[in-house]
Amino acid sequence: MAKLTLDELRALRKNMKVDLRRREVAGKEIQVIVGMDDCGIKAGAKAILDKFFHILEEKNLLDTVLVRQVGCMGYCESEPTVEVAVPGMPLVIYGKVDEKLAEEIVNKHIIGRELIEDRIVARPAMEGAK
């Protein structure tokens, strides 16, 4: 086993702290849920998941927004799909999410509290309601 230098150990410690912050659930009322089933992964969901982490870290929002992954959301034709839950706003699923839309979701939906209407593929809370 190779020995790590002090700088390498410090970098590893820093990365582990960020990873732990990402996984912490307490105090995070906003959720970004990325569909990571087979078709989602094939459509680029892993890169989208990473992009959300990058943007949220850049905007210092890792302590208030929980990013997690789930399996199939049932919208295969719209992969990658991302569900966004913000208190006081409707629950929505965005489809065909690319890196540009991921940034819009953070800036407009999460920070600006504005839905991106033309990219919504479902409103789960409203489905089945009469």
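Here, a residue counts as buried when its relative accessible area is under 20%, exposed when that area is over 50%, and partly exposed in between. Keep that in mind while we look around this predicted model, starting with its charged pairs.

**Salt bridges**

Searching the whole structure turns up five salt bridges.

| Pair | Closest N to O distance |
|---|---|
| D7 and R10 | 3.9 Å |
| D50 and K46 | 2.8 Å |

Take D50 and K46. Both sit in helix α3, four residues apart, or about one turn of the helix. D50 has a relative accessible area of 36%, so it falls in the partly exposed class. K46 is also partly exposed, because its relative accessibility is 43%.

D7 and R10 belong to helix α1 (residues 6-23); they are three residues apart there, which means about one helical turn separates them. Both of these residues are exposed.

What does A102 touch, leaving out residues up to four places away in sequence? Its contacts are K51, F52, I55 and V97. A102 is part of helix α4, and it is buried, with a relative accessible area of 0%. Between A102 and K51 there are 51 residues in sequence, yet their C-alpha atoms are 7.1 Å apart in space.

Helix α3 itself has 14 residues and spans 20 Å from first C-alpha to last, close to the 20 Å expected at 1.5 Å a residue. Its buried residues are A45, I48, L49, K51, F52, F53, I55 and L56. After the helix comes N60, which has a positive phi, near 60°.

**The sheet**

The strands form an open sheet of five, in the order β2-β1-β3-β4-β5, with mixed pairing. At the edges are β2 and β5 (120-122), each pairing on one side only. On average, neighbouring strands are turned by 30° against each other, direction ignored.

Going through the pairings, β1 and β2 run parallel and are joined by six bridges; G35 has V70 in β2 as its bridge partner. β1 and β3 run antiparallel, with four bridges between them, and V32 is partnered there by V84 in β3. β3 and β4 are antiparallel too, joined by three bridges. V84 turns up again in this pairing, standing opposite V92 in β4. The hairpin of β3 and β4 has six residues between the strands, and G88 takes a positive phi near 85° in it.

How do the helices sit on this? α3 lies across β1, β2 and β3, and runs at about 170° to β2. α4 packs on the sheet as well, touching β1, β2, β3 and β4, and its direction makes about 155° with that of β4.

In soluble globular proteins, nonpolar side chains tend to be buried together. In this model, the largest nonpolar core holds 30 residues, and F52, Y94, I105 and I110 touch the most other members. The elements that each give two or more residues are β1 (30-35), α3 (45-58), β2 (65-70), β3 (82-85), β4 (92-94) and α4 (99-111). Which of them gives the most? That is α3, with seven residues.

Leaving aside neighbours within four places in sequence, I110 is in contact with I30, V32, V65, V84, V86 and I105. Another core, of five residues, lies apart from the largest one; I33, Y75, I93 and A122 are among its members.

How values were computed:
Residues numbered from 1 in each chain as written. Predicted model: local features only at pLDDT ≥ 70, side-chain atom pairs only at ≥ 80, totals over all residues. Heavy atoms only, no water. Core = buried A, V, L, I, M, F, W, Y, C linked by side-chain atoms within 4.5 Å. Buried < 20%, exposed > 50% of the residue type's maximum accessible area, 1.4 Å probe, protein only. Contact = heavy atoms within 4.5 Å. Expected span 1.5 Å × (residues − 1). Salt bridge = Lys/Arg side-chain N within 4 Å of Asp/Glu carboxyl O. Pairing = 2+ DSSP bridges. Axes fitted to C-alpha atoms, helices over the stretch in contact; angles between N-to-C directions.
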